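Dear colleague,

Please find below the structure that I am handing over to you. My notes on what was found in it follow directly after.

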Amino acid sequence: TIPHQGAAAALATSAAPAVKAAGAANTLIFDGGRIRAENTDGLGLIAALGDLGASLSARRVAVIVGAGGAAAGAAQALTQKGAQVRLVARNPAAARKIKARLPPARAERVTVAAWNARGLAAALDGAHMLISAVPAAAWQDDTARAGLEALGRDTAVLEMAYGNATALAAAVRGRATRYADGLGMLVHQAAHAVTLALGTAPPLPPMFRAARAV
């Protein structure tokens, strides 16, 4: 998980296309002396957005806040589905590296902006979904939340961090009708990881019950 996905990818002797595109891995499969890197974050994200009722198409606009491995995986998955992606980051140079790793046709659908009040507000204008790929504490600063006034009521907000009491959850309450923390994404990506490792898809309901229990 954050912030070790880049290091995990570097350990591997072979990597799935999603890992190469994102430069990050969240799953390592050990087989004989070989280490295969996989990234199921994107699949988990798509499934979690679906649970929120957020559909993906070429006309959908997704704002991703962050420029680490989790953001890279999200950009890879969303552009693969045809979405337009706006990367907003405190370090725009790191976000541009995420864009550069994508295939040219998909990179054309990605724009980069600095994470400040003006940059975030501009990115949220007309956006269908907001994905926070930064630690929950990153939103505690007033300057980080500035710009959220541009959030549309129908914009789906998915925060990869866990817990409905985060600063972002409080900031979007009353602004957006759809918010979810990262628990759904966690369960979905874990289910895909188990499938890759064992060749059998696990049942989701008991996984969700167990995750909520802890």
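Which backbone nitrogen does the side chain of Glu149 reach? The side chain of Glu149 reaches the backbone nitrogen of Gly147, at 3.0 Å. I return to Glu149 below, after the basis of the values and the overall picture.

Basis of the values

This is a predicted model, in which local features need pLDDT of at least 70 and side-chain atom pairs count only at pLDDT 80 or more, while totals for chains, interfaces and linings use all residues. Residues are numbered from 1 along each chain as its sequence is written, and side-chain values use heavy atoms, with hydrogens and water left out.

The pLDDT is the predictor's confidence in each residue, from 0 to 100. Its mean for the protein is 93, and 100% of the residues reach 70 or more. Confidence is lowest in helix α2 (residues 17–22), with a mean of 85, and highest in strand β7 (residues 129–132), at 98.

Overall picture

The protein has 11 helices and nine strands. Helices (H or I, at least four residues) and strands (E, at least two) are DSSP runs, numbered from the N terminus. The radius of gyration is 17 Å, close to the 17 Å that the globule rule gives for 214 residues, so the protein is as compact as a globular protein of that length. That radius is taken over C-alpha atoms, and the globule rule is 2.2 Å times the number of residues to the power 0.38. Along its principal axes, the C-alpha trace spans about 50 × 40 × 30 Å.

Buried residues make up 46% of the 214 residues; buried means under 20% relative accessible area, exposed over 50%, and partly exposed in between (1.4 Å probe, protein chains only). Among contacts (heavy atoms within 4.5 Å) between residues at least 6 apart in sequence, 58% join residues at least 24 apart.

Helix α7

In helix α7 (residues 117–124), the buried residues are Gly119, Leu120, Ala121, Ala123 and Leu124. What covers them includes β4 (61–65), β5 (84–89), β6 (110–114), β7 and α8 (142–145). Just after α7, Gly126 takes a positive phi of about 80°.

Asp41

Asp41 is found in helix α3 (residues 41–51). Asp41 is buried yet has no salt bridge, and the nearest side chain of opposite charge, Arg101, is 12 Å away. For charge, Lys and Arg count as positive and Asp and Glu as negative, whereas His and the chain ends are not counted. The side chains of Asp41 and Gln5 are joined by a polar contact of 2.6 Å. A polar contact is a pair of N or O atoms within 3.5 Å; within protein, one must be able to donate a hydrogen and the other to accept it, and residues adjacent in sequence count only if both atoms are side-chain atoms. Leaving aside residues up to four places away in sequence, Asp41 touches Gln5, Asn26, Met185 and Gln189.

Salt bridges

A salt bridge is a side-chain nitrogen of Lys or Arg within 4 Å of a carboxyl oxygen of Asp or Glu, and by this rule there are three.

- Arg34 pairs with Asp31, the closest N and O atoms being 3.2 Å apart. Arg34 is exposed at 52% relative accessible area, and Asp31 is partly exposed at 41%.
- Arg36 pairs with Glu38, with the closest N and O atoms 2.9 Å apart. Arg36 is partly exposed at 30%, whereas Glu38 is buried at 13%.
- Asp142 pairs with Arg145, with 2.3 Å between the closest N and O atoms. Being three residues apart in helix α8, they are separated by about one helical turn. Asp142 is exposed at 55%, and Arg145 is partly exposed at 24%.

Glu149 lies in the loop between α8 and β8 (156–159) and is exposed, with 53% relative accessibility. The C-alpha atoms of Glu149 and Gln76, which are 73 residues apart along the chain, are separated by 27 Å.

Pro206 lies in helix α11 (residues 204–213) and is partly exposed, with a relative accessible area of 34%. Between the C-alpha atoms of Pro206 and Ala165, 41 residues apart along the chain, the separation is 24 Å.

With kind regards
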